[in-house]
Amino acid sequence: MPVLSILFALFVMGIFLTVFFMEPGRGIRFALSRTLEAYGEMLSWPFGNLYGFYETLNKMIPLAFVGLGLCIAYRMRIWNIGGEGQLYMGAFAATWGALFLFNDLQSPLLMACLVISMGAVFGAIWGLIPAVMKAFAKTDEIVVTLMLNYVAIFWVDYLVYGRWRDPAGFGFPLTAEYPAAARLPRIFDGNVQIGLVFVVVLAVFLEYVYRRTSWGQKSALIGDNIQAAIYAGVNIKLFTILALLASGAIAGAGGAVQMMGAQHRLQPGFSPGYGYTAIIIAWLGKLNPIGVVVVAILFGGLLVGNEQLQMFYRVPIALVYVFQGLVLFSLLGGEAISRYRIRFHKRGDE
Amino acid sequence: MLEMKDIAKSFPGVKAVDDVSFVLKSGEVHTLLGENGAGKTTLMNILFGIYRQDSGEILIDGKHVKISSPHNAIAHGIGMVQQHFTLVPSFTVAENTVLGLRELGVFPRTGRVERRIRELGDTYGLKVDPDARAWTLSVGEKQRVEILKILYTGAKILILDEPTAVLVPHETRALFDALRKMKEADTSVVFISHKLDEVMQISDRITVLRKGLAVDTVDKKATTKAALAKMMVGRDLLVDVPRTDVETGSKILEVKNLRVNDDRGLTAVNDISFTVRAGEVLGIAGVEGNGQRELAECIYGMRKPLNGKVFIDGQDITRTPVRKRVQLGLSFIPQDRKGMAISPNLSVEENLFAKNYATQSVPSHPLLSNRTGVSTASRKLVRDFSIVTPSEKTRAKYLSGGNIQKVVLARELSSSPKAVIAAQPTRGLDVGAMEFVYKTLLEQKKKGAAVLLLAGDLDELFRLADRVAVIYGGKLVGYASPDSSNREKIGLMMSGASGAGDEA
Amino acid sequence: MSDIVPFVVFTLQAAVRAGTPLLFAVLGDILTERSGVMNLGIEGLMLVGAISGFVASYSTGNLFLAIVVAMLAGAALGLVHAFFTISLRVNQIVSGLAITMLGTGISGLWGKGYVGVVAQRFTPMRIPLLSDIPYIGTIFFNHSLLVYISYICVPLLWLFVYKTKYGMTLRAVGEAPEAADSRGINVFAVRYFYTVLGCSITAIGGAYLSLAYNSMWIENMTAGRGWIAIALVLFATWDPVKALFGAYLFGGVTALGFRLQAIGADIPTDFLRMLPYLLTVVVLIFTSTEKLRLRVGAPATLGIPYSREEKT
């Protein structure tokens, strides 16, 4: 079913592309062949070529980080839409640490620990605000986390356009580059940032948490029926706060890793909406850590493929969003339809 | 005037209604009698257009009709009061009454509606303030609104699904008076019930259902309670569980001057004090909505009291969290089975061990759960409590009501609690499951647990309780000994007529 | 301090201007949410409204047609949301976000050729007599036609929601769908209808941006207004009249930011841009009690798909 869904999305997208490639004076056949050619490029590079696949993995890392963080909250039906803001706060804190607080530090290991922790702490703070409001004032967390996204983005804007702007940056809104000690090592001959390892470790760790620990058991209780959880003696306020804290901390750490591993400097719009895409990834991964990583690879590949299109076919970036939206809806639709089918099937059986 | 012919309806796994035929004459009260799960409600839901029958046909005044939706049913002059009331909380009584009606103008004029509601209320003795918001009404008032809603549409067929379950004796009498008046006005009533006394009081004819099959339709005058009971259950009625007298021990559960608010911030429990001793069952009789839920939740620790204290075994637990109370040996069988007692999408096993993190009845480390231990123990519980389930990994929501309750009992009672709070533990269960609940609770008593039983059904209280206290408007209004001769007196206290009780 | 009065008047006038796109979005979303459907797609819907209205105005020069086209575009996306959330019962949050993505993408793609282009636009019209009232006239009655339409929409929608039988049906469906169902109201149809209608009204908010406020197409020109609108719906407790105050309050905060900048106040612009979002967070703390929700008839089933089988 997922394969069918993606084929369907590709088909609809094909219509968009064909229209885009239409040129006056040339027939539809030309546009169609361009479309097919473009598809070939878009799919073969990120998934069929080793170096393309490395790129896919790199793109997947921030998506997976935020997505894994969101799972923690979503499993308890706490709707953290603030992944983007938490990612930005993590990136901000990492930059603060790497450039201003610990810039004299020589040990890469100590640097990494300190800077990633800073990212996690600030991401966690961004999760704590809606958590406390939800736990003590019953405020809707969806709206609060949404609003905080913008606060974080504008905060980063303020810094890179103003106080932190690199004097040697030719007036571009960028901070200075991180010192060498604040850059994470890379793996696969330097092709993939080490964040990949963190993601895999984190996913495995979360799988274990959900399968074998009492945290996992309690969060399942909360997620399924909050009344039953209160009845079983679970401290809902505490869990709400912890879940959003953890959720924000992981996204924040993701921001820090992205800075230290890939970007090496803070710049506005460093995230093309990773935080929002991650919401969808978490959902499509059925809130299973391993599932999230798999879906994140798919979406990372989509991003890479679309970059190819932008470069070689001068397709506008907006097309990425269209395509993401299409893939999403067809995956969601496919899932919903197969759910119905199973239900009918069951009914038929008995 | 109405005929249902060979109606059948299946749900996954069950044949809910199996070729049932049913004839309703005009101006009669026709009772559908049967145990829970016999198919009474399903049959009527088909008539009211909520379900579509798999086969069979419906005729009104000799004409074939297809009832595809409640709207359709209303158009055919059929109205139904469900067990779960369907009122819009923020709407007034008048607004609820006219919601969705075709006759309504674009700008509804509630003045006329209100006058008509008052008229109807006067005619049938169903008084209610048409201007009150639905969320402020009591359960009895809500039911009256539901009936008025139907009368307002001028329906000729009124279906009432277990209407007396939420009423006190004198409210039931008022309802029956109203039904008789409707009969005079040529309205037909389908009365769904499993309470034989009431059935004999109000019915003209009775159709008995058992396991989805129609056993027979009889004239009330030509039958007896015993005969009906036999038809309904297929064997003789509930054997009277002998009440074993147990030597009562020390004070286990003690409540002093408890005052608790409900979700709306209104006082629900008002200065209640009582004690339950080891080996004793204290019954609290009352109509639903008189503070029982808040009282139980407060003792168990889910709701903070404004005032007062709760003790278990002499220890003050007023400020103790639920987890600790569970560890101290407090068990709670909540009234809202699917909404609170279980997590419907989790497995039977997960539900059986939802509190294991606190009780450690199967030792399990918080960072590495003891999977094999839990599975073994849950298989044993499934066997011991004869829970019927495909496997212990099945989602709890796929179990029948009786088996869900057994899961709850297994979890709450297998750890030999010191005190048990049981709120409406047999609501909606069939006779077999009911017997099981009685037996298990009495076993607890024999083991020396203090049992607090909150119930509305007097028969249940008489069968189980050693003492009965009556709750009304959040207060304990008196005590009585659990004796059938006290039925009328307890009923009066439950309805708020004060000063009828003994002091205990 | 003689220039304080004109400063206030112009700020308030700008508040109305800046509040109007929010107002349309909030009014539309009130209808959708009242029926029990949550919509996080506002941002995307506004963008699609903005570009489709702009393109229609550019190619036909007919502003009436432009608004109709914007509404139809909003309705089309609304239909997608309705199909996924109501029929397929997909999580409403996820579907809404996907709508935003799709809308952002489509508008960007479609608007590629319209950047820097000039189209027919709404120009301010003074209302005779009313605009001569000192201060009030300048603040409220010297705007484009769309602003006046929004003035009319507010009381009309208020009447519609609270005083008509259709409004009763709408509120019942959001608050107690099983009650509505038992009265023969088709819950699915009502939700479909108001989701689509709400989305089309929301799209007008976007069209206002490209045809009156900025009077041109800029990629991502909504700049987060859609998200604020979602917060405002909560703030207004689903009441169109309160929505008016909320929208102007937030419009005012935006306008004040620009004004302060214009007179050279030394506050970083990014802080001023943060202000509406921070304000929302603070305001929300005070508007979320259970009793209030009951009293205003909050759509209790917001976010929960309706299914008759599961209820019984």
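Two residues are in contact if their C-beta atoms, placed from the backbone, lie within 7 Å.

**Helix pairs in chain C**

In H3(C), the residues C:Leu77, C:Val80, C:His81, C:Phe84 and C:Thr85 meet C:Gln92, C:Ser95, C:Gly96, C:Ile99 and C:Gly103 in H4(C). By class, the residues of this contact of H3(C) with H4(C) divide into four nonpolar and six polar, with no charged residue among them. Helix H3 covers residues 63–87 of chain C and helix H4 covers residues 92–111 of chain C, and their axes, which come within 10 Å, cross at roughly 155 degrees. Angles over 145 degrees count as roughly antiparallel, and H3(C) is therefore roughly antiparallel to H4(C). The crossing in which H3(C) passes H4(C) is right-handed.

The second pair joins H10(C) and H12(C), where C:Ile228, C:Ala231, C:Leu234 and C:Phe235 in H10(C) meet C:Pro276, C:Thr280, C:Val283 and C:Leu284 in H12(C). Here the residues of the contact divide into seven nonpolar, one polar and no charged. Because angles under 35 degrees count as roughly parallel, H10(C) and H12(C) are roughly parallel to each other, and H10(C) passes H12(C) in a left-handed crossing. The table sets out the geometry of both pairs.

| Helix pair | Residues | Angle | Axes |
|---|---|---|---|
| H3(C) and H4(C) | 63–87 and 92–111 | roughly 155 degrees | within 10 Å |
| H10(C) and H12(C) | 225–235 and 269–285 | about 25 degrees | 10 Å apart |

**Where the chains meet**

Which helices of chain A supply at least two residues each to the side that touches chain C? The contact takes 35 residues from chain A and 35 residues from chain C, and on the side of chain A such helices are H5 (108–137), H6 (141–161), H11 (274–284) and H13 (318–349). H13(A) gives the most to this side, with 12 residues. Sorted by class, the side of chain A that touches chain C has 27 nonpolar, five polar and three charged residues.

Chain A is also in contact with chain B, through 18 residues of chain A and 25 residues of chain B. On the side of chain B that touches chain A, helix H10 (322–327), helix H11 (337–341) and helix H13 (356–359) of chain B each supply at least two residues. That side of chain B has 17 nonpolar, five polar and three charged residues.

**The domains of chain B**

Chain B is assigned domain 1 (2–233) and domain 2 (251–494), and the centres of these two domains of chain B, taken over C-alpha atoms, are separated by 32 Å. Their contact takes 11 residues from domain 1 of chain B and nine residues from domain 2 of chain B. The side of domain 1 that touches domain 2 in chain B has six nonpolar, four polar and one charged residues.

**Confidence**

The model scores ipTM 0.87 and pTM 0.88. Chain A averages a pLDDT of 89, with 97% of the residues scoring at least 70, while chain C averages a pLDDT of 88, with 95% of the residues scoring at least 70. Over residues 345–350 of chain A, however, pLDDT stays under 50, and for these residues the model has four contacts beyond four places in sequence. Where pLDDT is low, the predicted coordinates should not be read in detail.

Key
Residues numbered from 1 in each chain as written. Chains lettered and ligands numbered in written order. Predicted model: local features only at pLDDT ≥ 70, side-chain atom pairs only at ≥ 80, totals over all residues. Helix = DSSP H or I, 4+ residues; strand = E, 2+ residues; numbered from the N terminus. Nonpolar A, V, L, I, M, F, W, Y, C, P; charged D, E, K, R; others polar. Domains from an automatic or database assignment. pLDDT = per-residue confidence, 0-100. Axes fitted to C-alpha atoms, helices over the stretch in contact; angles between N-to-C directions. Parallel < 35°, antiparallel > 145°, perpendicular 65-115°, else oblique. Left-handed = near helix turned anticlockwise from the far one by under 90°.
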